[in-house]
Amino acid sequence: MAEELKARWREKLKRVRSNDRSLRDKHEVPGPSLRMSSMQIQDGNVEEIATALEENTVLCGFAIASNSISDAALPRLCLALSPLPLRAIYFSTNNFTTASMPAICQMITQLPYLHSLALSNNPVATECKSVEALVIALSKHATIRCLWLHRCGLTDEGMAVLAGFICSLDSLEVLDIDDNKLTEDSLGPLAQIRACLPAARLTHPLRTSDVEKLVPDYSGLPPK
């Protein structure tokens with residue numbers, strides 16, 4: 001099975017190297033996209049993937065979720081992705097921790113069209129300084145529309161930082177922060193987000209009714 005999967009993703013990499021514009025893997029992006037999720041990719045495979053990406057100039061979407069890539073290999077991948085015109089990146093469910101956040105943030109600052117970012121199921125937000133770094137990186141272009149931080153170890157302190165940034169956006173459509181370490185101390189920041197962006201799809205681990213009760217307290221605040 002492992003060899004069959006490797007043959008599949010290597011065939012995709014051939015198309016990446018040739019700038020194949022017909023490579024479409026169901027991402028909501030205006031150009032070619034590459035999905036390499038659930039293909040048993042490990043650190044030892046990253047150099048081959050990164051080298052192929054460096055020969056590409058047109059890729060708009062990239063997913064490598066549900067694999068076994070660690071903090072050690074991610075910087076090489078981020079470096080290869082940084083020059084591309086990416087709109088969507090899906091890194092969920094690997095072995096990334098807060099140690100990966102500098103590489104992720106450096107990459108984000110070089111992607112002016114990025115609108116979707118998934119980091120779910122990686123403990124990358126357990127430290128407030130990591131959330132602060134992510135917010136600073138995303139603020140550079142402020143184009144993010146969908147942000148998935150499900151089960152990332154987000155705490156109340158990090159939630160307060162994230163809420164301040166989210167409320168500065170007009171474009172946000174989806175924020176998934178479910179299954180994180182949030183307590184009632186995060187009710188206020190969540191209500192603030194709901195007041196600023198009433199149409200956004202907000203998923204969180206607290207009772208929705210408790211958040212909604214507080215929304216009127218923030219509804220008079222300007223969205224920015």
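Predicted model: local features only at pLDDT ≥ 70, side-chain atom pairs only at ≥ 80, totals over all residues.
Helices H2 and H3 have axes 8 Å apart and pack at an angle of about 10°, an arrangement that makes H2 roughly parallel to H3, because angles under 35 degrees count as roughly parallel. On the H2 side the contact is made by Val46, Glu47, Ile49, Ala50, Thr51 and Leu53, and on the H3 side by Arg76, Leu77, Ala80 and Leu81. Sorted by class, the residues of the contact between H2 and H3 comprise seven nonpolar, one polar and two charged.

For H3 and H4, the axes come within 9 Å and cross at roughly 0°, and these two helices are therefore roughly parallel to each other. Here Leu74, Pro75, Cys78 and Leu81 of H3 meet Ala103, Ile104 and Met107 of H4, so that Leu81 of H3 takes part in the contact with H4 as well as in the contact with H2. The contact of H3 with H4 has seven nonpolar residues, with no polar and no charged residues.

The axes of H4 and H5 come within 8 Å of each other and cross at roughly 10°, which makes H4 roughly parallel to H5. Met101, Cys105 and Ile108 of H4 make this contact together with Ser130, Ala133, Leu134, Ala137 and Leu138 of H5. By class, the residues in the contact of H4 with H5 divide into seven nonpolar, one polar and no charged.

The largest nonpolar core contains 74 residues, and those with the most contacts inside it are Leu53, Phe62 and Phe91. At least two residues of this core are supplied by each of helix H1 (2–17), helix H2 (43–53), helix H3 (74–81), helix H4 (101–108), helix H5 (128–139), helix H6 (156–166), helix H7 (187–196) and helix H8 (208–218). When neighbours within four places in sequence are left aside, Leu53 is in contact with Val16, Leu34, Leu59, Phe62, Leu77, Ala80, Leu81 and Leu84. Of these partners, Leu77, Ala80 and Leu81 belong to the H3 side of the contact between H2 and H3, in which Leu53 itself is one of the H2 residues.

Gln192 is partly exposed, because its relative accessible area is 24%, a value that lies between the limit of under 20% for buried residues and that of over 50% for exposed ones. The C-alpha atom of Gln192 is separated by 15 Å from that of Gly158, and the two residues are 34 residues apart along the chain.

Methods. Residues numbered from 1 in each chain as written. Heavy atoms only, no water. Core = buried A, V, L, I, M, F, W, Y, C linked by side-chain atoms within 4.5 Å. Buried < 20%, exposed > 50% of the residue type's maximum accessible area, 1.4 Å probe, protein only. Helix = DSSP H or I, 4+ residues; strand = E, 2+ residues; numbered from the N terminus. Contact = heavy atoms within 4.5 Å. Axes fitted to C-alpha atoms, helices over the stretch in contact; angles between N-to-C directions. Parallel < 35°, antiparallel > 145°, perpendicular 65-115°, else oblique. Nonpolar A, V, L, I, M, F, W, Y, C, P; charged D, E, K, R; others polar.
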